[in-house]
Amino acid sequence: MAAKNRKPRLAVWKFASCDGCQLSLLDCEDELLAVAGAVDIAYFLEATRGAVRGRYDLSLVEGSVTTASDAARIQDVRARSRTLVTIGACATAGGIQALRNWADVKEYASVVYARPDYIQTLATSTAIADHVAVDFELRGCPISKRQLLEVISAMLAGRRPVTPHHSVCIECKLKGNVCVMVAHGTPCLGPVTHAGCGAICPSYNRGCYGCYGPMETPNTLSLSDGLHKLGMDERGLMQVYRTFNANAGPFREESDRHDG
Amino acid sequence: MTVKTIKVDYLARVEGEGAIKVVVRDGAVESAEFRIFEPPRFFEALLRGRAFTEAPDITARICGICPVAYQMSTVHAMENALGLAVTGPLRDLRRLLYCGEWIESHALHIYMLHAPDFLGYDGAIDMARDHGDAVRRGLALKKVGNEILSLLGGREIHPINVRVGGFYRTPRRRELEPLAERLKWAREAALETVRWVAAFDFPDVERDYEFVALRHTDEYPFNEGRIVSSRGLDITAGEYEDHFEETHVERSTALHSHLRERGAYLVGPLARYSLNFDRLSRLAQDVARDVGLGPKCSNPYRSIVVRAVEVLYACDEALRIIDGYVEPDLPAVAAEPCAGTGCAATEAPRGLLYHRYRLDADGTIVEARIVPPTSQNQASIEEDLVSFIGGSLDLPEDALRHRCEQTVRNYDPCISCSTHFLQLEIDRG
């Protein structure tokens with residue numbers, strides 16, 4: 001627990017990622033100085049060179065584990081954090097870099113680097129929860145800054161964050177969007193994808209591509225059947241689930257079903 | 001003989017993970033290394049086998065700070081492969097989206113990442129205690145950039161509305177009008193920003209860089225133009241790989257780029273500005289002259305002033321585009337797959353970003369090549385450290401370490417991008 005008389009210590013950690021989810025905190029232009037007033041930002045390298053060593057009340061972890069040294073570092077972060085929250089698809093599901101889990105990482109390295117022998121990396125990209133206990137997982141590629149503020153407020157108040165578990169479909173209904181799949185025959189992962197973005201893609205006349213990952217108990221079988229009827233072939237079905245949350249259980253299993 | 005090593009293990013206020021190591025031998029800088037240890041994510045490998053239509057969503061994930069740059073280089077390279085031309089209002093909207101990213105990314109770097117170096121703070125949040133009005137102005141300016149991204153792109157980070165051929169949905173004129181009001185405020189804030197940063201204390205140094213940037217017949221470059229340099233290079237994006245090569249050094253997970261004939265070169269705001277001053281809006285040119293910035297700038301510490309001038313330009317340009325906007329009939333030009341190779345370079349906030357893709361007949365990506373600005377600047381960053389740190393060796397350890405960090409932050413290095421980047425070590429024995 002944070003000692004009385006001192007502000008809770010916040011740390012932001014980065015593993016393999018694009019920096020976008022931690023940027024979401026700096027993107028809270030109207031709230032950032034208020035957040036900075038409510039917490040002691042003890043470790044946040046993207047924003048400050050001042051670093052307080054020791055223990056943290058709330059750690060926000062961005063990125064996935066792809067190297068042996070990062071696998072050790074996350075243990076240290078866990079040991080020094082009272083509450084650990086993963087932010088985004090990389091930390092929560094392994095990210096787009098988890099596509100290596102279906103490939104030969106040595107071959108990958110040889111495609112990108114002249115001297116693959118200089119590259120030290122693990123064969124897989126894995127979620128933080130595969131390595132340490134995680135207190136809360138915030139979805140999205142990238143996360144929603146509105147949800148991030150909710151998670152920080154809730155964690156500091158000692159309550160459960162209010163982040164709906166339903167599908168993007170419900171968000172479309174709440175916005176009054178016309179269903180892009182029913183009305184236009186546009187393939188859409190909305191029925192199986194976790195809410196949080198505010199149904200942005202259907203609002204822009206495109207199908208959801210699943211960047212918030214699977215909702216709780218998604219009916220991917222039924223959706224794949226519908227996508228097939230719209231003309232999506234097996235390779236398309238395999239790839240449509242295999243993007244930014246490819247290694248999240250329900251998406252991984254459904255994509256594997258179509259990986260002939 | 002005395003050898004001293006100055007090290008910064010985790011460089012702060014940059015995007016991603018990197019380190020600096022400077023070796024000082026007998027009172028002179030012997031070598032400087034800018035190491036990138038961001039774990040590799042292998043984008044060029046994982047893009048293979050994916051549909052060309054998926055590429056702008058995937059490459060955006062290389063960088064959360066400049067996703068639009070990745071999307072723009074991707075769609076232009078794909079359109080080059082498919083023989084498509086995107087013109088008129090769709091082309092204008094792409095420039096408008098890029099204006100949004102320049103404003104957001106530059107405002108972040110000027111106010112949150114770089115200004116604290118000049119004013120002596122660890123970060124903008126500490127700086128806000130004494131310079132609250134400036135930090136609030138910076139955040140509000142950044143927010144206007146993000147508002148452009150949200151409206152045109154659907155969201156600030158990893159926009160969802162960019163596709164090969166154009167957009168999924170184009171805005172109505174009435175949606176852009178409130179943005180124009182916000183941009184008029186932002187243009188004034190950008191003017192104040194130029195004057196604010198121009199008054200900082202700058203080390204009086206210059207280097208004879210070979211500047212490399214796009215140059216367009218009548219525009220300050222975002223999406224299109226020839227690749228030109230201050231030493232006579234003048235080529236198309238298709239000729240890029242004939243003149244530039246990447247090498248792999250053991251200390252880094254980023255590749256280093258060199259001009260085959262001449263070695264290190266510099267991309268980014270200094271290069272763009274020095275090669276394209278005459279393409280800036282009249283307002284941006286006048287303000288640059290007012291604050292004492294000539295038509296060419298070779299002092300990397302003054303890059304913060306050049307970025308501020310570019311923010312001013314981006315506000316001006318965004319207003320010009322909105323004023324002339326005519327709603328297009330269709331949101332995109334139809335993109336039919338065919339076999340071919342396409343390349344493109346666009347101007348990311350940090351500099352030239354080159355992409356090349358080879359597609360097979362059904363539009364599947366067979367090969368991808370991506371050269372981000374920070375890997376192109378790595379050699380120049382290391383040469384800056386060797387050139388500029390020598391004069392500061394009598395500084396106390398902390399101040400010297402800080403000067404090294406500031407020298408690297410001049411480049412607004414984006415380490416997440418360049419890995420395919422920082423730790424400071426100064427070795428003095």
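**Exercise 1. How many residues of chain B are in contact with how many residues of chain A?**

Solution. Start with the criterion: a contact means that two C-beta atoms, placed from the backbone, lie within 7 Å. Then count: 50 residues of chain B are in contact with 47 residues of chain A.

Some conventions apply. The model is predicted: local features need pLDDT of at least 70, side-chain atom pairs count only at pLDDT 80 or more, and totals for chains, interfaces and linings use all residues. Residues are numbered from 1 along each chain as its sequence is written, and chains are lettered from A and ligands numbered from 1 in the order in which they are written.

**Exercise 2. Describe the side of chain B that touches chain A.**

Solution. Take the helices (DSSP runs of H or I, at least four residues, numbered from the N terminus). At least two residues each come from α1 (43–46), α2 (55–60), α4, α5 (124–130) and α6 (132–153) of chain B. The largest share, 5 residues, belongs to α6(B). Next, sort by class. Ala, Val, Leu, Ile, Met, Phe, Trp, Tyr, Cys and Pro are nonpolar; Asp, Glu, Lys and Arg are charged; the others, Gly among them, are polar. This side of chain B has 21 nonpolar, 12 polar and 17 charged residues.

**Exercise 3. Relate the two domains of chain A.**

Solution. The bounds, from an automatic or database domain assignment, are 9–157 for domain 1 and 168–257 for domain 2. Their C-alpha centres lie 25 Å apart. The contact takes 15 residues from domain 1 of chain A and 13 from domain 2 of chain A. On the domain 1 side, helix α4 (residues 89–93) of chain A gives the most, with 3 residues.

**Exercise 4. What share of the residues of chain A counts as buried?**

Solution. Of 260 residues in chain A, 55% are buried.

Key: Buried ≥ 20, exposed ≤ 12 C-beta atoms within 10 Å, placed from the backbone.
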